[in-house]
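Student: Could we go through this structure together? I would like to begin with its aromatic rings.

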Amino acid sequence: MAELVAGFGRQKSLLKVAAMTDKELRKLRGVPRHLRVTADGLEFEAERPDYEKDFERFTLRLAAAGADAAGLAEAARDLGDACEHHAENGTLTFVFPAAGAGNAQAARDAVEAISLHLTLPDVWRFDGSMYRADPVDVEMLFKGLLQYKASDIHLTPGQKPIFRVDNKIAVSELMGVLSSAQIHDLIKKIAPAKYYEKFQQHNQTSFSYHQTGLGYARASAFIKRGAPHLTFRYLPEKVPSFDDLHMPAEIMEKLAKTHNGLVLIAGMTGSGKT
């Protein structure tokens with residue numbers, strides 16, 4: 001995906017920059033296991049072992065020209081195996097922790113120590129990789145609809161599935177935080193070809209989807225802030241009777257037999273118009 005740009009203000013900590021970058025990427029694309037930020041001759045990378053833990057390994061590269069090379073080298077030596085460093089072709093490289101060492105907290109402390117010797121810029125270019133890519137189980141989503149007795153599901157990058165229950169929001173524990181790639185792949189999988197083509201051309205589309213034995217849904221796919229989103233509005237397989245809906249059958253049947261005029265079924269979202 002395209003590189004992003006954001007101003008984070010004058011931070012004093014590379015870990016703070018990584019945390020702010022992670023927050024932005026979570027909102028737009030999902031949780032990255034690897035992120036990279038660059039600015040003014042400086043490049044910083046952070047890696048985490050899975051989608052739940054904090055970052056544990058870091059790499060910092062600096063243009064030697066203009067940097068306090070001697071001061072940085074001395075600081076790195078004082079950090080022991082929490083940091084290894086070398087200079088090559090005009091670039092200073094710092095790796096936290098050193099190869100073979102595995103103390104994540106010591107590595108984070110070492111990044112903070114090195115940050116004290118740097119003047120960090122306020123504008124950064126950044127991107128991420130290794131986003132969650134396992135397919136979204138759409139059957140599980142529909143089972144969640146029935147379990148929560150929900151009217152809608154909202155799938156947003158960087159968040160777990162969100163169910164709307166009686167116009168209130170419930171965050172699902174059925175699956176983890178979703179990435180842009182997962183949501184886009186789900187849209188591609190369930191949308192009829194002509195509707196997926198419309199989504200690609202116009203960044204939005206709506207279509208009907210049937211999960212056999214569980215129900216139907218009106219699916220709406222769209223791009224927001226450069227990331228795909230998907231919502232489902234649930235419709236049961238069995239059309240409820242007027243008695244099920246607590247509606248006066250005689251009046252409704254009379255309205256249904258009317259040949260002239262206009263009948264309006266009005267109400268706010270979620271009030272039962274469908």
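Tutor: Ring pairs join Phe142, Tyr209, Phe232 and Tyr234 into a cluster. Rings of Phe, Tyr and Trp (its six-membered ring) pair if their centres lie within 6.5 Å; planes under 30 degrees apart count as stacked, over 60 as edge-to-face and the rest as tilted. This is a predicted model: local features need pLDDT of at least 70, side-chain atom pairs count only at pLDDT 80 or more, and totals for chains, interfaces and linings use all residues. Residues are numbered from 1 along each chain as its sequence is written, and side-chain values use heavy atoms, with hydrogens and water left out.

Student: How many aromatic pairs does that rule give?

Tutor: The count is eight aromatic pairs. In one of them, the ring centres of Tyr148 and Phe163 are 4.7 Å apart with planes at 40°, so the pair is tilted.

Student: Where in the chain are Tyr148 and Phe163?

Tutor: Tyr148 is in helix α4 (residues 138-148) and Phe163 in strand β9 (residues 162-165), 15 residues apart. Helices (H or I, at least four residues) and strands (E, at least two) are DSSP runs, numbered from the N terminus.

Student: Is Phe163 buried or exposed?

Tutor: Phe163 is buried, at 0% relative accessible area, whereas Tyr148 is partly exposed at 24%. Buried means under 20% relative accessible area, exposed over 50%, partly exposed in between (1.4 Å probe, protein chains only).

Student: Changing topic, what is the strand order of the open sheet?

Tutor: The seven strands run β1-β7-β2-β3-β4-β6-β5, with antiparallel pairing; two strands pair if DSSP finds at least two bridges between them. The edge strands, β1 (4-7) and β5 (84-88), each pair on one side only.
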